[in-house]
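The sequence and structure are shown below.

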Amino acid sequence: MKKIVLIGASGFVGSAILNEALNRGISVTAVVRNPESIKISNADLTVVKADVSDAGKVAEISKGADAVISAFNPGWTNPNIYEETLRIYPRILEGVKRAGVKRLLIVGGAGTLFVAPGLRVVDSGAIPDEIMGGVKSLGEFYLNTLMNEKEIDWVFFSPAGSLEPGERTGNYRLGKDDLILNDKGESKISVQDYAKAMVDELETPVHHQERFTIGY
């Protein structure tokens, strides 16, 4: 049985990944700030309360796992989201490496995807000001830190521009660095299909030290 650590397992994306992984019989250690936010119980689920800004704690929890999936987010309404993302994500990366885990899968953002040659979503004017801090910081972590990371087999999985509750259809397209648009010019994916594709990548790795993306 595959054993994974899932950071941010109670969030919007993390909870969808948690359900997908448990439904496939994967053993999950769910790392959260508030254990009471995990409402499900499962023989393959262990819930751990931890501060993931502590690289040593991340290493301790991650030891022996086949992979770590991080859906960490300081909270979209957190006024310090920009600073906290850039402070904490390198510590998660350090902790996973220190644990000797070979693979780290990160719930990325769409901000660094290209909407036109040389034009990223984050610079296109499409991102509302209220979430710009979170979008920008995660993008900077990807561009400035992950893209220079050679020690661990990481992936940064960018969703479509709109990630919403919906159905697990299994009918979507994967890409690399360009925003995927449907025939109406919309960039959309359900969180359930995003979670399916993430766990597919966990079970059958296709991408290595690179970003990929998804959309209908």
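The lining of the largest cavity has 6 nonpolar, 1 polar and no charged residues (Ala, Val, Leu, Ile, Met, Phe, Trp, Tyr, Cys and Pro count as nonpolar, Asp, Glu, Lys and Arg as charged, and the others, Gly among them, as polar). The model is predicted: local features need pLDDT of at least 70 and side-chain atom pairs pLDDT 80 or more, while totals for chains, interfaces and linings use all residues. Residues are numbered from 1 along each chain as its sequence is written, and side-chain values use heavy atoms, without hydrogens and water.

A cavity is a set of points on a 1 Å grid over the protein atoms alone where a 1.4 Å probe fits but cannot get out, and its lining residues have an atom within 4 Å of a point. The largest cavity holds about 30 Å³. Its lining consists of Val 5, Ile 7, Val 31, Val 52, Val 58, Ile 61 and Ser 62. Of these, α2 supplies the largest share, 3 residues.

Strand β2 (residues 27-32) is largely enclosed by the rest of the structure, because 6 of its 6 residues are buried (under 20% relative accessible area, 1.4 Å probe, protein chains only). Ser 27, Thr 29 and Val 31 point one way from β2, and Val 28, Ala 30 and Val 32 the other way. Its pairings (at least two DSSP bridges between two strands) are tabulated below.

| Strands | Sense | Bridges |
|---|---|---|
| β1 and β2 | parallel | 5 bridges |
| β2 and β3 | parallel | 5 bridges |

Leu 6 has Ala 30 of β2 as its bridge partner, and Thr 29 has Thr 46 of β3.

Conventions. On a 1 Å grid over the protein atoms alone, a cavity is a set of points where a 1.4 Å probe fits but cannot get out, and a pocket is an open set with protein on both sides within 12 Å along at least five of seven lines; lining residues have an atom within 4 Å of a point. Grid points are joined across faces, edges and corners, and a volume is the space filled by probe spheres set on the points. Helices (H or I, at least four residues) and strands (E, at least two) are DSSP runs, numbered from the N terminus. Buried means under 20% relative accessible area, exposed over 50%, partly exposed in between (1.4 Å probe, protein chains only).
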